[in-house]
Amino acid sequence: MQPKLNRDAVSGLLLALIGAAAAYRAFDYGIGSAARMGSGYFPLLIGGALVLLGAVIGIGGLRASATPIHIPWRELTLIALSVASFALIISRFGLFPALAVSGVLACLADRDIGLRRTIGIVLFSCLLVWLVFVIGLNSPAALIKV
Amino acid sequence: MELFTLGFASLTLTSVVYCFAGVFLGTLIGVLPGVGALSAISLLMPVSFYLDPTTALVFLSGIYYGAEYGGSTASIMLNLPGTSSNAITCLDGYPMAQNGKAGVALTVTTYVSFFGGTVGILLLSFLSPLISRLAVAVGPSEYAAILLLSIIMAATISDGPPMKGIAMVLLGALLGTVGIDVNSGDYRFTFGVPDLFDGVSLVALALGTFGIGEVIFAIRAQKARGPMPKVTFRSMIPSRPEFLKTLFPMVRGTGVGSVVGPLPGAGPTIASLIGYAIEKRISRTPHRFGKGAIEGISSPEAANNAAVQTAFIPTLSLGIPGSPTMAIMLGALMIHGISPGPKFIAEQPEMFWGLIASFWLGNIILLGLNLPLVGIWLWLLRIPYSMMYPVIVALICAGVFTLTNSAFAVWLVLGFGFLGFLLRLFDYSPAPLLIGFILGPMLEENLRRALLIHRGSYIDMLSRPATAVLMLLTVAILLWAILKRNSPVQADDGHSA
């Protein structure tokens with residue numbers, strides 16, 4: 001069965017929560033007065049407005065019914081894993097290993113990319129990144145660390 | 001005239017080469033659906049570390065307006081917009097291609113783009129010095145009011161319901177407060193993470209919400225591509241009646257683009273939508289629209305190119321970027337310690353006029369690039385998205401890492417990528433988020449100064465006539481936005497790259 005979601009109600013609630021959390025933290029930073037604004041003054045203003053707006057969007061959303069939602073799980077998971085693997089590998093092993101692992105994971109997001117094409121894409125990515133960032137922009141990133 | 005004494009005189013061979021490289025790359029990025037100018041400019045922002053500021057800006061803006069030329073190609077050939085401001089061109093461009101008029105459509109969009117761009121540059125070079133001269137006298141309370149007006153406009157004009165737009169600028173402004181508060185030295189929302197002390201990286205925010213967030217949905221969406229019609233050079237020459245039919249829409253579109261371009265949050269996409277709507281309304285044969293009406297491509301393509309150039313007006317004369325792309329461009333300037341604002345043109349005349357001169361040059365190069373090289377661009381369109389997106393992800397990761405030389409920024413991209421995914425899932429637009437992120441801290445700073453001068457009295461602040469007028473405008477737009485929410489009118493373009 002297709003999952004359903006009341007987009008406005010949920011997102012309004014989330015926004016109001018974020019606003020409330022920010023406004024709450026803002027008190028710790030010191031509100032000050034309008035003439036001498038503390039560092040919490042502006043975040044309190046913004047957080048408060050966000051609570052208000054989140055509530056308006058959320059309550060407005062309650063009048064509507066939930067609509068079917070389509071979450072591309074495979075793409076979401078694999079692209080997230082691809083970026084995460086890059087972040088994990090880059091510092092310890094260098095640029096090319098990071099590009100290789102994250103590239104393979106990214107290619108897996110689309111089930112129609114075969115093995116040969118994956119290898120081609122990864123090699124091309126390595127070449128392009130090397131040309132643009134290492135040669136072109138003088139990035140100090142190590143290509144491979146052992 | 002300064003354009004010639006300072007502008008063209010200051011263009012070196014290096015900057016001419018980078019101008020060419022910029023517009024070439026821009027066209028390439030514009031042609032490929034799913035790759036936007038914003039991502040490309042964010043990735044290449046580090047060039048500012050190696051180039052002098054004028055050349056860096058010449059290069060980055062070349063990508064920006066070059067993408068506007070290339071963007072219509074995919075709209076016409078594949079019914080997929082290359083950039084969001086070319087989405088409306090699909091409506092009549094694609095049917096034209098299906099009727100064997102692809103070549104004519106490509107030619108028309110190129111020369112109307114050139115016309116729109118040229119008029120836009122003219123306005124930019126006359127209006128910017130004028131506005132900045134006026135703005136030098138502006139105090140912090142007026143500046144705060146202008147910023148608030150810009151933020152509200154950006155939130156309400158851009159696509160989607162205005163309420164959600166306002167929520168996005170607020171969220172962006174909140175993200176903008178992360179880091180050390182310059183005024184008090186307090187750490188705000190850093191959660192003890194040292195990498196956050198300097199604030200959230202704009203590039204990571206842009207690449208995450210736009211780049212990664214888009215890829216996740218585009219992998220499936222871009223699968224459905226039809227076959228492409230053939231284009232020969234002979235088929236690219238429009239007939240005399242076809243040519244005449246494009247002239248008035250081209251002029252009207254340019255007018256629309258020139259007015260809409262400088263407005264914060266509006267920019268080329270909104271300009272092209274309005275340009276199309278006007279043509280359809282005043283046409284004696286509106287039923288032809290959507291079936292390959294040549295007016296339906298000439299007006300919006302002139303409008304978005306005029307808007308792309310005039311969008312530089314508030315950026316260069318006031319230091320207020322109206323779009324995320326402009327914000328990144330200002331970020332590139334700030335790397336050099338040049339703070340954009342009303343004094344920019346007076347203090348850096350060579351840079352301002354050099355940039356304008358490069359726009360002329362760039363537009364002429366683009367005219368040359370687009371017509372004879374059309375074969376290359378069409379060949380590029382045959383590359384399926386499944387071969388592009390892994391490369392996009394790789395470039396984003398490596399680019400962000402290069403910028404900061406720390407893995408933390410890559411984690412930020414992951415977080416903001418998830419945010420971008422959620423925004424698309426919940427029908428929010430990420431553009432106002434970025435505008436809030438940029439303008440929020442500027443608003444805070446000016447509000448602080450203004451309230452200090454007026455001893456903490458908002459009433460006192462509003463007693464300055466210019467501030468009052470600006471605030472009234474802001475309230476009017478807010479009211480209009482709230483009322484509009486209940487009307488069923490919706491723009492008929494979908495979400496796009």
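The dialogue below goes from confidence to chain shape, then to the core, the interface and the backbone.

Analyst: This is a predicted model, in which local features need pLDDT of at least 70 and side-chain atom pairs count only at pLDDT 80 or more, while totals for chains, interfaces and linings use all residues. Residues are numbered from 1 along each chain as its sequence is written, and chains are lettered from A and ligands numbered from 1 in the order in which they are written.

User: What is the mean pLDDT of chain B, and where is confidence lowest and highest?

Analyst: pLDDT is the predictor's confidence in each residue, from 0 to 100. Where pLDDT is low, the predicted coordinates should not be read in detail. In chain B the mean is 87, with 96% of the residues at 70 or more. Helices here are DSSP runs of H or I with at least four residues, strands are runs of E with at least two, and both are numbered from the N terminus. Confidence in chain B is lowest in helix H1 (residues 2-10), at a mean of 76, and highest in H19(B), at 95. Over residues 487-497 of chain B, pLDDT stays under 50, and the model has 15 contacts for this stretch beyond four places in sequence. For the model as a whole, the scores are ipTM 0.94 and pTM 0.88.

User: How does the radius of gyration of chain A compare with that of a compact globule?

Analyst: The radius is taken over C-alpha atoms, and the globule rule is 2.2 Å times the number of residues to the power 0.38. For 146 residues a compact globule would come near 15 Å, but chain A has 23 Å. Its C-alpha atoms fill a box of roughly 55 × 50 × 25 Å along the principal axes. Chain A is divided into domain 1 (4-68) and domain 2 (73-136), with bounds that come from an automatic or database domain assignment, and 37 Å separate the centres of these two domains, taken over C-alpha atoms. Along the sequence, chain A follows the pattern β-α-α-β-α-α-α.

User: How much of each chain counts as buried?

Analyst: A residue is buried if 20 or more other C-beta atoms lie within 10 Å of its own, exposed if 12 or fewer, and partly exposed in between, with C-beta atoms placed from the backbone. By this rule 34% of the 146 residues of chain A count as buried, and for the 497 residues of chain B the share is 60%. Helix H3 (residues 37-44) of chain B is mostly covered, with eight of its eight residues buried. Those residues pack against helix H2 (13-31), H4, H9, helix H14 (324-335) and H18 of chain B.

User: Which residues touch the most other members of the largest nonpolar core?

Analyst: In soluble globular proteins, nonpolar side chains tend to be buried together. A nonpolar core is a set of buried Ala, Val, Leu, Ile, Met, Phe, Trp, Tyr and Cys residues joined through C-beta atoms within 7 Å. The largest one has 206 residues, of which Ile41(B), Val400(B), Val410(B) and Val413(B) touch the most other members. Helix H4 (residues 53-78) of chain B gives the largest share of this core, 14 residues. Both domain 1 (4-68) and domain 2 (73-136) of chain A give residues to this core, so it lies between them. Two residues are in contact if their C-beta atoms, placed from the backbone, lie within 7 Å. Among the residues that Val413(B) touches are Val83(A), Ala204(B) and Val400(B).

User: How many residues does each chain bring to the contact between them?

Analyst: Chain B gives 56 residues and chain A gives 55. On the side of chain B that touches chain A, the largest share, 13 residues, comes from H18(B). By class, that side has 38 nonpolar, nine polar and nine charged residues, where Ala, Val, Leu, Ile, Met, Phe, Trp, Tyr, Cys and Pro count as nonpolar, Asp, Glu, Lys and Arg as charged, and the others, Gly among them, as polar.

User: Where does Arg455(B) lie, and is this residue buried or exposed?

Analyst: Most residues other than glycine have a negative phi, and most peptide bonds are trans. Phi of Arg455(B) is near 50°, a positive value. Arg455(B) lies in the loop between H20 and helix H21 (458-462) of chain B, and is exposed, with 12 other C-beta atoms within 10 Å. Asn79(B) has a positive phi of about 65° although it is not a glycine. Asn79(B) is placed in the loop between H4 and helix H5 (89-98) of chain B, and counts as partly exposed, with 19 C-beta neighbours inside 10 Å.
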